[in-house]
Amino acid sequence: MTRIKVLIVDDSLFMRKLITNLLSADDRIEVIDTATNGKDALDKIQRLQPDVVTLDVEMPVLSGLETLEIIMKENPLPVIMLSNTTTEGAENTIRAIQLGAFDFVPKPSGTISLDIHKVKDELIEKVVKAKSINLNLYKNTNKHHRPKRNNNENTQQVTNVGKKKIVLIGASTGGPRALQEVLSGIPKNIPAPILIVQHMPAKFTKSLASRLNHLCEITVKEAENGEILRNGVAYIAPGGFHLQMKKLGKTLTAEVNELPPVNGHRPSVDQLFRSATSLKDEEIIAVILTGMGSDGTKGLVELKKQTNTFAIAESKETAVIFGMPKTAIQTGLIDQIEPIDQIAAFISNKVNLG
């Protein structure tokens, strides 16, 4: 068996040793070297050609973001960021994902995390998955972003005055960039609320929502318990909390709670989808984007049985990880399979034209 060659980049000798020990405990992984800063990392990437790099966000000489940007321009390969859970750390991590990082793992207790073993399984799983991704998706990452449209563009829409429309989106690994592609293509006057579950820890979802709100025409925010769902607003489940829908009379509201994780996930796409099964007078557009595992599939089955739901899945050709879309497609209940750059148009068309 060919082992996955990993380069560990961290300015802390202690952390380099801890991470090396964690990864080396798995027979599938070989830590081929470590680097003390970004400049050192770039030299060793050229020389050693690792399969995967773990990269600390905060480093001297060249920061993690600066190093990542150079990697993705000159020698794209899967990079997993190791991030602090501070507000600044979360913002930098979201920026790293937009620059092309495959994924991130939060350090449990800051820069020097004596308890890094708590994320051992998560880190190993992401290293293994990173080796198998399609690197073509990561080339020219910075040219990927769709520019904001002029407000006068794409305004000729035929609004369906029939049933209320609701858009539900689930995503995991690779999701932040996929969400940016989708949400930036949706016009601000779309006559539907959008509810999103992105697998992500607490604090990071707030930074994600803030960044997407800056880049998109629609409003993007972290969901708050009890708020009324408004058209043209995307609500992201806060990290560590489920996002559900609740109907009060004819009004739809968001419910944010700490019910037990569903199949290891909180927030859970299945939980969001299941909460919408009671909506008999509404039309639902359910979307499953890139991600590991199968979250969303069971909920989709229930949605299709009990409601008027049109289901869209991201195609294999653009999904960073084809796990979640694949399992949904295998149910035979997906109505449309599309590359990520076409999904916004299908959402808009279904909402406006029915």
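Predicted model: local features only at pLDDT ≥ 70, side-chain atom pairs only at ≥ 80, totals over all residues.

My entries below go from the annotated sites to the cores and then the rings.

Entry 1: I checked the UniProt record, where an unreviewed entry puts "modified residue: 4-aspartylphosphate" on D56. I found D56 in strand β3, which covers residues 52-56. Is D56 buried or exposed? Its relative accessibility is 3%, under the 20% cut-off, so I put it down as buried. Leaving out residues up to four places away in sequence, I listed what D56 touches: V9, D10, D11, G64, M81, L82 and K107.

S172 next. I placed S172 in the loop between β6 (164-171) and α6 (175-183). With a relative accessible area of 9%, S172 is buried. Beyond four places in sequence, S172 touches Q198, H199, T290, G291, M292 and M324.

Then D295, which I found in the loop between β12 (282-288) and α9 (297-306). D295 has 3% relative accessibility, so it counts as buried. Its list, with residues up to four places away in sequence left out, has H199, H265, P267, S268, V269, D270 and M324.

**Entry 2: the cores.** Which residues have the most contacts inside the largest nonpolar core? I got I169, L183, L289 and I347, in a core of 57 residues. I followed up L289: setting aside neighbours within four places in sequence, its contacts are I169, G170, A171, A178, L179, V182, E314, M324, P325, I340 and I343. There is also a second, separate core of 29 residues, and L300, L303, M324 and I334 are among its members. So M324, in that second core, is also in contact with L289.

**Entry 3: the rings.** I searched the whole structure for aromatic pairs and came back with one. For charges over rings, I noted K126 over the face of F104, 5.7 Å from the ring centre. I also noted K350, whose charged end sits over the ring of F310 at 4.3 Å from its centre.

How values were computed:
Residues numbered from 1 in each chain as written. Heavy atoms only, no water. Core = buried A, V, L, I, M, F, W, Y, C linked by side-chain atoms within 4.5 Å. Buried < 20%, exposed > 50% of the residue type's maximum accessible area, 1.4 Å probe, protein only. Contact = heavy atoms within 4.5 Å. Phe/Tyr/Trp six-rings, centres within 6.5 Å; stacked < 30°, edge-to-face > 60°. Lys NZ or Arg CZ within 6 Å of the ring centre and 35° of its normal. UniProt positions renumbered as here; feature names shortened; annotations may be inferred. Helix = DSSP H or I, 4+ residues; strand = E, 2+ residues; numbered from the N terminus.
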